[in-house]
Each structure stands twice: as C-alpha cells, then as structure tokens.
Amino acid sequence: MVLAIVLLVIAAFYAYMVFETTWLKIERLDFSKKGTGLRIMHLSDLHVNMTGIQAERVRKAVKAENPDVILISGDYINKPVYAADFLRYLHTFTRGRRTIMCLGNHEYKAFRSNSEGLQNFIRELEAIQVEVLINKAVTVEKDGRKYNIIGIDDLRRGSPDIDKALDGCIPGAPKISITHNPDLVLSIPGNIVDYMFTGHFHGGQIWMPFNLEFTLLRDDQLCRMGIKRGLQRVNGIRVYLNRGLGNSVVPLRFLSRPEILICTIP
Ligand SMILES: [Fe+2]
C-alpha cells in the first residue's frame, strides 16, 4: 500500500514536471512607465529538440503582443541535425518581424570542430531575414527614436569582444545588448551598456532545495551569487535572465515555467 502511494506520488510529480514545460508565462517589464517606447519580445534557450512550446504558440504571442523587435539570446540546437527543424520553428513566428539574435554555448557545441557548418547555419538564418549579431551592433528605430542593439558572443564557447561589439553604436541612443551567458556582465567595466538580455540558466529549470540545481549542475558565477532569473542590476547594468522556452538535459521543469518577456524601453 505504502509503495503504491509512493509510486503514485512520483508519477504525479513527473506528470506535473512534463506539464510545466508546456505552461508558458508571458512576463512583462516597462522601463518607460508609460508603455511607450521600443516594444521588445525577448526569447531565449529555445532548445528546439527539447521544448514543450510549439512554434504556433509563439506565433500567436507575437501576433497578440505586436513587438517592434524580437531579440533571442542563444541555445537553439545541440546537434547540426536539428538545424532544419530550428529554422522551420523560428520562421513560423519571425516572418515579417525584425528579429535579432546571438549564439549560445549549444550552437558552438553542436558545430565544434566544424566552423564551416556553423557559418552555413548562420547563412541559413540570414536567408530567413534573421540578423545574427556576433560582436556587432545594429540600430532599430521607433517613432523617430533610435536604439542600439548589440549582440555579444557567448562567454564560454564563443569569443566575446565588447569593444568590437560597441564599435557600430550610434551615440546618444540607448544601448541594449543581447548575450547568452549573463556572467558576461561581470567582465564588463560597468555601465557601458544600459540593458542586457540573457538566458542560459533556465531559471534553474528544476527547482531543488538549498540551491542544489545550481551548485550541482552549474559552475557559473551569478547563480552562485544568488542571481538566477528575472531582472537584476549588476555593474550598473539592468540585466534580464530569461528562463527560456525549451529545456536542457531532461524535458522537465519544476517551478521555472517557460517564458516570453515583453519589455518596453523608453
Ligand atoms: Fe540553454
């Protein structure tokens, strides 16, 4: 009897964790306080082969929220074989929408010792009108106001070059950066960008007591400092740690729902 109850509890817990991977949450931030300014949709960690969020749901969210720009902060595929699936997934909701992304550690892992493969993947993304920024800045305009969008390469597997990334910035406009690993903020000399949109931690993905999901599985610095998700201020920079859409290692989540952020910047 006791064994049956234990098995039932485990089965229910497992079923909940599978369900949570599909339980999308739209988070909102408004730095303008008035709802006016550049309306950003921020996505991260799509992990196309291990996600509970179908592209069609993201398409509906894009339609409902009508962002001026979609920013995506890395981790799309963990093997080259998933590239075609990812392109299809992405194109479902980026069609006709300005979309700017950077790469995550998983892209570098997927194409390790195959830089030609990575270049092909980037060319395929560009062919569907997605801008891939590797240490590069572009400008977005809304109601006559300009915004710098700065893509900085992944801290661990890429080659982040802040000076190069800032090179194309126009003076006087807000500096909005995207990068995969939020730890990058610790190596920025303070206040040289205004906002940083990141992912990587998955909000922990599966909550455990005593911070074990971070101390056992990750050796990144911010999460060990207790900075794990949502809006934070580090080095004078507003850093956002998105919980991501997909999953890593196991297709399960617990107390870390998949997320889309809608953010307005004045
Ligand atoms: Fe990830």
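Colleague: Which protein donors does the iron ion have?

Modeller: Keep in mind that this is a predicted model. The iron ion is held by D45 (OD), H47 (NE2), D75 (OD) and H202 (NE2), and these donors lie 2.0 to 2.3 Å from the iron ion.

Colleague: And what angles do the four donor atoms subtend around the iron ion?

Modeller: They run from 85 to 177 degrees, which makes the arrangement irregular. To count as tetrahedral, all angles would have to lie between 85 and 135 degrees.

Colleague: How are the donor residues spaced in sequence?

Modeller: The pattern is D-x1-H-x27-D-x126-H. D45 sits in the loop between β2 (38-43) and α2 (55-65), while H202 sits in the loop between β9 (195-198) and α7 (212-215), so this pair ties together parts that are 157 residues apart in sequence.

Colleague: Buried or exposed, those two?

Modeller: D45 is buried, at a relative accessible area of 0%. H202 is buried as well, with 1%.

Colleague: What about the backbone at D45, what is its phi?

Modeller: D45 has a positive phi of about 45 degrees, although D45 is not a glycine. H200 is another non-glycine with a positive phi, about 80 degrees in its case.

Colleague: Where does H200 lie?

Modeller: In the loop between β9 and α7. H200 is buried, with a relative accessible area of 8%.

Colleague: While we're on that loop, what does I206 touch?

Modeller: I206 is also found in the loop between β9 and α7. Not counting residues up to four places away in sequence, I206 touches M17, E213, V250, L252, R253 and F254. M17 is 189 residues from I206 along the chain, yet their C-alpha atoms are separated by 8.3 Å.

Colleague: Okay, helices now. At what angle do α3 and α5 cross?

Modeller: The axes of α3 (residues 83-94) and α5 (residues 115-127) cross at roughly 20 degrees and come within 11 Å. That makes α3 roughly parallel to α5, since angles under 35 degrees count as roughly parallel. The crossing of α3 past α5 is right-handed.

Colleague: Which residues make that contact?

Modeller: On α3 they are A83, F86, L87 and L90, and on α5 they are F121, E124 and L125.

Colleague: Tell me about L87, then. Buried or exposed?

Modeller: L87 is buried, with a relative accessible area of 14%. Leaving aside its neighbours within four places in sequence, L87 is in contact with E124, L125 and I128. The C-alpha atoms of L87 and V48 are separated by 9.5 Å, and the two residues are 39 apart along the chain.

Colleague: And how far apart are the axes of α2 and α3?

Modeller: They are 8 Å apart, and the two helices pack at an angle of about 20 degrees. That makes α2 roughly parallel to α3, and α2 passes α3 in a right-handed crossing. A55, E56, V58, R59 and V62 in α2 meet Y89, T92 and F93 in α3.

Colleague: Changing topic: where is L103 found?

Modeller: L103 is in the loop between β4 (99-102) and α4 (105-110). With a relative accessible area of 0%, L103 is buried.

Colleague: What does L103 touch?

Modeller: Setting aside residues up to four places away in sequence, L103 touches G74, Y76, Y108, L118, I122, V132, I134, D154 and H180. As for K136, it is 33 residues from L103 along the chain, and their C-alpha atoms are separated by 12 Å.

Colleague: Last one, D194. What is its relative accessibility?

Modeller: It is 30%, so D194 counts as partly exposed. D194 has its place in the loop between β8 (175-178) and β9.

Technical notes
Residues numbered from 1 in each chain as written. Predicted model: local features only at pLDDT ≥ 70, side-chain atom pairs only at ≥ 80, totals over all residues. Heavy atoms only, no water. Donors = N, O, S within 2.8 Å, 3.2 Å for Na, K, Ca; no water. Tetrahedral: all angles 85-135°; square planar, octahedral: opposite > 155°, others 65-115°. Helix = DSSP H or I, 4+ residues; strand = E, 2+ residues; numbered from the N terminus. Buried < 20%, exposed > 50% of the residue type's maximum accessible area, 1.4 Å probe, protein only. Axes fitted to C-alpha atoms, helices over the stretch in contact; angles between N-to-C directions. Parallel < 35°, antiparallel > 145°, perpendicular 65-115°, else oblique. Left-handed = near helix turned anticlockwise from the far one by under 90°. Contact = heavy atoms within 4.5 Å.
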